[in-house]
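Morning, everyone. I have a new structure to walk you through. Please have a look at it first.

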Protein chains: 2
Amino acid sequence: MSLATSPTLEQLMHALEHLPGVGPKTAQRLAFHLLKQPESFIRQFAETLVTAHLKIKPCSVCFHLSEQNPCPLCQSPKRHRETLCVVVDPRDVMALERTQNYHGLYHVLGGLISPLDGVGPEQLNIKALLNRLKANANSEPQADAEPVTLIREVILALPPSTEGDTTSLYLTRLLKPTGLILSRIAFGLPVGGDLDYADHLTLTRAMDGRRSL
Amino acid sequence: MSLATSPTLEQLMHALEHLPGVGPKTAQRLAFHLLKQPESFIRQFAETLVTAHLKIKPCSVCFHLSEQNPCPLCQSPKRHRETLCVVVDPRDVMALERTQNYHGLYHVLGGLISPLDGVGPEQLNIKALLNRLKANANSEPQADAEPVTLIREVILALPPSTEGDTTSLYLTRLLKPTGLILSRIAFGLPVGGDLDYADHLTLTRAMDGRRSL
């Protein structure tokens with residue numbers, strides 16, 4: 001699409017088209033919106049982009065994205081260190097943090113086992129998880145040392161999909177020998193959801209996951 | 001929403017939320033996508049943004065956005081200079097250029113008359129349009145000078161809305177005394193559209209705009 005008016009504008013629209021969910025139409029709308037903004041906003045936007053990309057890296061302990069290493073969640077003395085929640089993505093960490101209901105530690109896998117996509121356990125942060133739990137088991141309480149809280153429970157917060165189920169099964173087998181409490185988050189009808197509108201897989205999960213009253 | 005992990009990440013998401021149609025969820029998705037890109041892409045993206053914003057300005061003749069002034073469309077010897085098409089937005093210029101069917105000149109109004117939004121004729125590029133047509137009328141062919149093609153027709157390509165109709169009416173009254181041929185683009189059933197699915201306003205416009213065979 002050559003519009004013969006501005007190569008720079010086309011370059012900007014082309015760059016915007018690289019964003020997820022942005023097609024040519026949206027790229028055009030975004031480009032014109034950006035051109036209308038004050039110069040100070042644009043300069044700061046560009047700077048934020050570069051700075052964020054430069055500073056934000058995966059935490060070497062939990063693989064959540066942060067500009068600190070270890071990340072504030074791993075460092076915080078307020079977190080409950082007996083619980084470790086395994087998630088797929090840094091976005092999942094943020095979703096759980098928004099609930100303000102979970103106060104333990106995290107471990108970001110970076111994906112799910114998916115043989116069809118060529119993703120095996122070795123592509124994920126599973127080895128790091130094992131090393132983390134091993135180090136945890138080895139740190140025996142010593143005299144004259146500060147007491148260390150050990151991880152006692154591992155919660156798998158992986159989605160209810162084929163890949164999520166496969167990865168959960170894989171991790172369950174791998175972690176059973178450690179003797180840690182293992183659990184997976186519940187699946188069923190979402191709050192506000194209607195039985196009538198739920199798909200049959202969700203209903204089946206809800207039925208299978210029923211709890212005695 | 002403080003996630004206590006990265007102020008830079010929050011800053012980036014906050015900046016992205018300023019884009020049209022981008023809420024907190026999309027901003028998060030965009031931010032994580034951008035963080036995954038190679039550094040070279042990010043640097044170039046930021047540079048393109050700043051450069052485009054710096055270079056691209058409204059053309060002083062037609063008010064289309066361009067990094068040249070006058071813009072390539074105004075300068076091009078290939079354009080038919082007898083026809084001037086009045087549009088709302090630079091995006092409309094690009095839409096018409098994509099059809100490769102119109103070869104005349106343009107004039108971008110920059111908006112539509114809308115008393116409810118406090119937009120009067122003086123906020124739009126209407127005065128510049130009048131001056132442009134006046135200069136056109138005054139440029140009488142002179143001996144020993146290159147022949148100048150004069151604007152003979154003004155096409156109003158304004159949308160079929162209350163504001164579009166008001167602005168068309170206003171411009172019609174303003175331009176009638178110039179003696180130029182005035183027209184407005186046709187409204188009716190879109191190509192591929194089905195009578196059954198068209199709203200009644202479109203159908204009414206299609207009926208009113210019927211042409212003898």
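A word on counting before we start: Lys and Arg count as positive here, Asp and Glu count as negative, and His and the chain ends are left out. On that count, chain A carries 21 positive and 21 negative side chains. The centres of the two sets lie 2 Å apart.

Now, keep in mind that this is a predicted model. How confident is the predictor? Chain A averages a pLDDT of 88. At least 70 is reached by 92% of the residues. Among the elements, strand 4 of chain A, residues 105-108, has the highest mean pLDDT, at 96. Helix 8 of chain A, residues 200-208, has the lowest, at 81. For the complex, the predictor gives an ipTM of 0.73 and a pTM of 0.73.

Next, the fold. Chain A has 8 helices and 6 strands. Along the sequence, the pattern reads α-α-α-β-β-α-β-α-β-α-β-α-β-α. Is the chain compact or spread out? The globule rule gives 17 Å for 213 residues, and the radius of gyration of chain A is 23 Å, well over that, so chain A is more spread out than a compact globule. Along its principal axes, the C-alpha trace spans about 70 × 55 × 35 Å.

Then, contacts and surface. Take contacts in chain A between residues at least 6 apart in sequence: 46% of them join residues at least 24 apart. Of the 213 residues, 39% count as buried. The accessible surface of chain A comes to about 12,600 Å². Carbon and sulfur atoms account for 55% of that surface.

Technical notes. Residues are numbered from 1 along each chain as its sequence is written. Chains are lettered from A and ligands numbered from 1 in the order in which they are written. This is a predicted model: local features need pLDDT of at least 70, side-chain atom pairs count only at pLDDT 80 or more; totals for chains, interfaces and linings use all residues. Side-chain values use heavy atoms; hydrogens and water are left out. pLDDT is the predictor's confidence in each residue, from 0 to 100. Helices (H or I, at least four residues) and strands (E, at least two) are DSSP runs, numbered from the N terminus. The radius of gyration is taken over C-alpha atoms; the globule rule is 2.2 Å times the number of residues to the power 0.38. Buried means under 20% relative accessible area, exposed over 50%, partly exposed in between (1.4 Å probe, protein chains only). Contact means heavy atoms within 4.5 Å. Accessible areas come from the Shrake-Rupley method with a 1.4 Å probe; for residues, only the protein chains shown count as cover. The place of a charge is taken as NZ of Lys, CZ of Arg, CG of Asp or CD of Glu.
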